[in-house]
Amino acid sequence: MTPQAGTTRVTTRILLLLFVAVLVMASGAFNLRDRLQQKEVLTDGVIWKDDPQLGVVADKVAADSPGARADIRRGDVLIGISTNGAEPFDEISEAQQVQVYFDHAKDKTQFGEAGALSYWLERRNDIGDTALRQGIADVELQPRATHQWRGLYLALVGLVYLGIGIYFLLKQGRAPYATHFFLLCLLAFIVHFFSPTEEMRTQFDKAVDFADAVAVILLAPLFVHFAAIYPARYHFFMRRRWLMAALYTPAALLILAEIWVRFARLRELLPFSPVNTRTNLSRIETVLFALALLASAALLVRSFRQARSIVVRQQLKWVMWGMSIAGLAFITFYVPSYLTTPEVSSLLQIVAVGPLVLIPLTLGYSVVRYRLSDVDVVMRRSFAYIIATLSVAALFGTVMAASYEFMRQQLGAEVTVLIAA
């Protein structure tokens with residue numbers, strides 16, 4: 001008997017990849033359970049960093065946060081912390097020590113006491129050599145936002161990625177880029193589905209955090225690599241080996257940095273602040289991911305314009321638009337706010353993260369629609385209608401939300417001026 005059209009003989013490679021997918025899905029399920037059951041974590045709304053000359057300095061202060069209400073400003077130097085509002089103040093020499101006092105305040109709240117800390121602060125001039133003010137700031141800590149609805153939505157996006165990857169692997173496992181496409185979907189599932197709990201105390205949580213970071217790092221060049229070879233240019237890197245090395249070398253360096261920041265013995269070898277390094281790595285990885293989306297969209301547009309085959313142009317059309325809309329929304333509305341503020345507003349998160357679902361939907365439609373001959377026509381048309389509707393809704397919602405946010409900021413600034421006058 002011959003296999004039916006559109007089916008693929010299950011090989012050892014496919015079984016191995018499916019086994020890895022099952023392990024990753026099981027880990028994601030446990031991680032999602034932990035996040036839904038996690039306890040609240042207190043915060044002051046301030047991002048503290050280590051400064052070689054000044055010590056522990058406030059890098060960012062979220063608006064309307066406990067730190068802002070206590071008149072903590074960017075550039076303030078944290079000298080010490082008291083848990084009872086009176087002397088003696090414990091000296092703070094590293095930014096990572098602040099979290100210890102948050103945990104202590106959380107333990108106090110369990111016994112009905114107020115979750116408050118007193119900071120001994122020093123405010124310096126712009127040059128940093130003269131203290132303008134010293135004093136105590138009483139900070140009433142508040143629970144850190146968990147963003148569970150955003151987490152559930154991203155988990156759904158991750159499931160869409162993995163479902164499409166498994167479906168394509170089973171149906172077209174011998175396609176030239178089948179393994180590449182499946183690994184892309186698997187990493188995208190980890191990026192969207194995995195997220196450590198706020199406490200991040202268990203070894204499983206730490207493993208989830210590391211897996212999430214590595215997946216974000218590798219997904220960026222993998223997206224660009226796939227866009228460069230899809231759908232017909234399989235030998236794009238064959239005559240340009242140096243491009244392959246240039247594409248993946250930054251990812252390898254970032255993974256080494258992630259390993260360094262997680263092990264105390266390795267941190268002793270290099271005199272860098274682990275808090276500053278972790279913050280900078282997160283920023284770099286987010287920017288690289290956003291740039292990878294735009295670069296992938298640009299490569300797909302280039303392939304679309306150069307394609308002579310009608311089938312190839314149809315194959316590229318959907319994924320080109322999905323990648324472009326999602327990439328522009330993410331890099332326009334999320335990245336700037338993420339780099340400049342401690343907390344991205346809920347509205348900007350919706351506008352930036354919402355269109356991300358277009359990437360797996362359009363990519364899956366492009367790959368499945370033109371690689372499989374046994375997909376039902378009704379399913380194809382329904383899939384196309386869903387993508388078209390979501391694309392229009394995402395574009396309309398992005399414009400409206402951006403306009404609302406702009407008007408809100410402008411009106412807020414005018415109201416502030418009127419009150420001051």
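The model is predicted: local features need pLDDT of at least 70 and side-chain atom pairs count only at pLDDT 80 or more, while totals for chains, interfaces and linings use all residues. Residues are numbered from 1 along each chain as its sequence is written, and side-chain values use heavy atoms, with hydrogens and water left out.

**Helix pair**
- The axes of helix α4 (residues 148–171) and helix α5 (residues 178–193) come within 8 Å and cross at roughly 165 degrees.
- α4 and α5 are therefore roughly antiparallel to each other (angles over 145 degrees count as such).
- Helices here are DSSP runs of H or I with at least four residues, strands are E runs of at least two, and both are numbered from the N terminus.

**Surface patch**
- F263, L266, L269, L270 and F272 form a nonpolar patch on the surface, with about 510 Å² of accessible area together.
- Patch residues have over 30% relative accessible area and no salt bridge, and nonpolar side chains are joined within 5 Å; a salt bridge is a side-chain nitrogen of Lys or Arg within 4 Å of a carboxyl oxygen of Asp or Glu.
- F272 lies in the loop between α8 (264–267) and α9 (274–306).
- F272 is exposed, at 51% relative accessible area (exposed means over 50%, buried under 20%, partly exposed in between, with a 1.4 Å probe and protein chains only).

**Residues with positive phi**
- Most residues other than glycine have a negative phi.
- D64 has a positive phi near 55 degrees and sits in the loop between β3 (55–61) and α2 (66–69).
- D64 is exposed, at 59% relative accessibility.
- D71 has a positive phi near 65 degrees and sits in the loop between α2 and β4 (77–82).
- D71 is partly exposed, at 29% relative accessibility.

Technical notes
Patch = residues over 30% accessible without salt bridge, like charges linked within 9 Å, V, L, I, M, F, W, Y side chains within 5 Å. Areas by Shrake-Rupley, 256 points an atom, 1.4 Å probe, with all protein chains shown as cover. Axes fitted to C-alpha atoms, helices over the stretch in contact; angles between N-to-C directions. Parallel < 35°, antiparallel > 145°, perpendicular 65-115°, else oblique.
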